[in-house]
Amino acid sequence: MKHLYEAMLLTVPGIGEMRLKKLQEQFGDAETAWKAQRQDLFEADCLGNKEIDALLELREHLDCTETEKAWITKGIRICSIADQEYPELLRKVYAPPPYL
């Protein structure tokens, strides 16, 4: 599923659009950031200890493959502002959400 790891990272308390962008820049993509070890996350200097702890705890309890299967079964899709199907009028609002 396209954008799965971006969506997973955005569910972590303290990670929003700006921190997600920094993580993607530092690790190359959201999946690598999601799977990063504590030390790598700390050294990347994108998150504080509180956010790192929250990410690692969420990762322990959340299986991305199972989440993806459940979302597909329920017809849930993820759309980014960069995707063609992102609503045109929504692109024009102040601070449009990066993912729907």
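Author: A nonpolar core is a set of buried Ala, Val, Leu, Ile, Met, Phe, Trp, Tyr and Cys residues joined through side-chain atoms within 4.5 Å. Keep in mind that this is a predicted model.

Reader: What makes the largest nonpolar core here, and which residues have the most contacts inside it?

Author: That core has 21 residues, and Leu9, Leu23, Trp34, Leu41 and Leu47 have the most contacts inside it. Helices H1, H2, H3, H4 and H5 each supply at least two of its residues. The largest share, 4 residues, comes from H1.

Reader: Which residues is Trp34 in contact with, leaving aside its neighbours within four places in sequence?

Author: Among them are Tyr5, Met8 and Leu9, plus Leu55, Leu58 and Cys64. Contact here takes heavy atoms within 4.5 Å.

Reader: How do you know that the span of H5 agrees with its 13 residues?

Author: At 1.5 Å a residue they should span 18 Å, and the end C-alpha atoms of H5 are 19 Å apart, so the two agree.

Reader: Why say that the buried residues of H5 line one face?

Author: Glu51, Ile52, Leu55 and Leu56 are buried, each under 20% relative accessible area. Down the axis of H5, its buried residues fall within an arc of 130°, so they line one face. They pack against H1, H2, H3 and H4. On the other side, Lys50, Glu57, Glu60 and His61 are exposed.

Reader: What makes Asp63 a cap for H6?

Author: A side-chain oxygen of Asp63 lies 2.9 Å from the backbone nitrogen of Thr65, at the N-terminal end of H6. The cut-off for a polar contact is 3.5 Å, so this pair qualifies.

Terms used:
Residues are numbered from 1 along each chain as its sequence is written. This is a predicted model: local features need pLDDT of at least 70, side-chain atom pairs count only at pLDDT 80 or more; totals for chains, interfaces and linings use all residues. Side-chain values use heavy atoms; hydrogens and water are left out. Buried means under 20% relative accessible area, exposed over 50%, partly exposed in between (1.4 Å probe, protein chains only). The expected span of a helix is 1.5 Å times one less than its number of residues. The arc is that of the directions from the helix axis to the C-beta atoms. A polar contact is a pair of N or O atoms within 3.5 Å; within protein, one must be able to donate a hydrogen and the other to accept it, and residues adjacent in sequence count only if both atoms are side-chain atoms.
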